[in-house]
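Dear colleague,

I am handing over the model below, and I would be glad if you could look through it alongside the notes that follow.

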Amino acid sequence: MSSFDLKNESEVKEYIDKLGVEYRFGCYSEKKPEVCHLLGDYLEGIRKDFEKAAKVYRSNCDDYSYGKSCLKYGNYTFLGKGRTSEKGDPAKAYAYYEKGCALNDPDACLHSGLLLVSKLMPKEITRDVPKGFELLKKSCEMNNAGACFYLSGMYISGVLKEEYQQAAKKGDGATPAATEQRPPGAYVVERNMEKAFEFAYKACELRNMYACANLSQMYAKGDGTPRDEKKAEKYKKLALEMQDEVKKQQQLTFQQGLNPT
């Protein structure tokens, strides 16, 4: 594509129109799934035509098995975006997340895993912690920081089976003594601080701010790893630096909206 003066309104319009033509040709004529996904992004981000974007993402997932498009259509379906009714369909969204995960999209694995392990999942989704746990593990193995962080949290607290959760809610198993008396099979995911540390470490290395904060606490207390005050301070500093980066980025985004055009 030839160069354009992006300060010139008419040239910008021409550039955007040509971009759309290129994406349509690459998708519909050359049948390139990566270009079809770009077409969906173009319709979503530039044209703001969410209904057409949803159709492109869905077709690209169903016809070309493009994982990122399965994720996007899953998001649209969950929120009811690009639909006439604007009513979400969590069960259908999960099906697309699961397909995206099978196609090795790490974010699709994260979304499908979270839907299955969450206590606040929509009523259309049947909670399945073991399956959700495996989906999160797959996402983490593909270097999704959020999945690694969530797995760390599951190992920190442990995940009780449903019948033991109900007993804990009623107060029958809320005391430390009752916790100690629980049989090994009471947990879907056993509490394991060594594994919690491993997943927190990986999530922090992948730039998850909250994982770095947890890592600092683990080193400070000697939870799941030998106590090390220097490393505790190191990861505390790293978490604070990330926090500052997030605040600066939010400020920049806000200020961009205030700049005169």
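**What was found**

Arginine 207 counts as partly exposed, because its relative accessibility is 46% (buried is under 20% relative accessible area, exposed over 50%, and partly exposed in between, with a 1.4 Å probe and protein chains only). Please bear in mind that this is a predicted model, in which local features need pLDDT of at least 70 and side-chain atom pairs count only at pLDDT 80 or more, whereas totals for chains, interfaces and linings use all residues. Residues are numbered from 1 along each chain as its sequence is written, and side-chain values use heavy atoms, with hydrogens and water left out.

Arginine 207 lies in the loop between α11 (193–205) and α12, where helices (H or I, at least four residues) and strands (E, at least two) are DSSP runs numbered from the N terminus. Its phi is near 75°, a positive value in a residue that is not glycine. A positive phi also occurs at serine 65, again a residue other than glycine, with a value near 55°. Serine 65 is placed in the loop between α3 and α4, and it is classed as partly exposed because its relative accessibility is 36%.

For the chain as a whole, the secondary structure comes to 13 helices and 2 strands, and buried residues make up 36% of the 261 residues. Of the contacts (heavy atoms within 4.5 Å) between residues at least 6 apart in sequence, 50% join residues at least 24 apart.

**Salt bridges**

The structure holds 12 salt bridges, a salt bridge being a side-chain nitrogen of Lys or Arg within 4 Å of a carboxyl oxygen of Asp or Glu. One of them pairs lysine 13 with aspartate 17, at 3.2 Å from N to O; both residues belong to helix α1 (residues 9–29) and sit 4 residues apart, about one turn of the helix. Lysine 13 counts as exposed because its relative accessibility is 54%, while aspartate 17, with a relative accessible area of 30%, is partly exposed.

Elsewhere, salt bridges with shared partners join Lys13, Asp17 and Arg47 into one network.

**Helices and their packing**

The axes of helix α2 (residues 33–45) and helix α4 (residues 67–79) come within 10 Å and cross at roughly 35°; these axes are lines fitted to C-alpha atoms, for helices over the stretch in contact, with angles running from 0 to 180 degrees between N-to-C directions. On the α2 side the contact is made by His37, Asp41 and Glu44, and on the α4 side by Lys68, Ser69, Lys72 and Tyr76.

Helix α6 (residues 106–117) has 12 residues and reaches 16 Å from its first C-alpha to its last, close to the 16 Å expected at 1.5 Å a residue (the expected span being 1.5 Å times one less than the number of residues). Which residues of α6 are buried? They are Ala108, Cys109, Leu110, Ser112, Gly113, Leu115, Leu116 and Val117, and the buried residues of this helix pack against α4, α5, α7 and α8 (145–157).

Finally, serine 216 is found in helix α12 (residues 209–221) and counts as buried because its relative accessibility is 6%. Leaving aside residues up to four places away in sequence, serine 216 touches Ala232, Tyr235 and Lys236.
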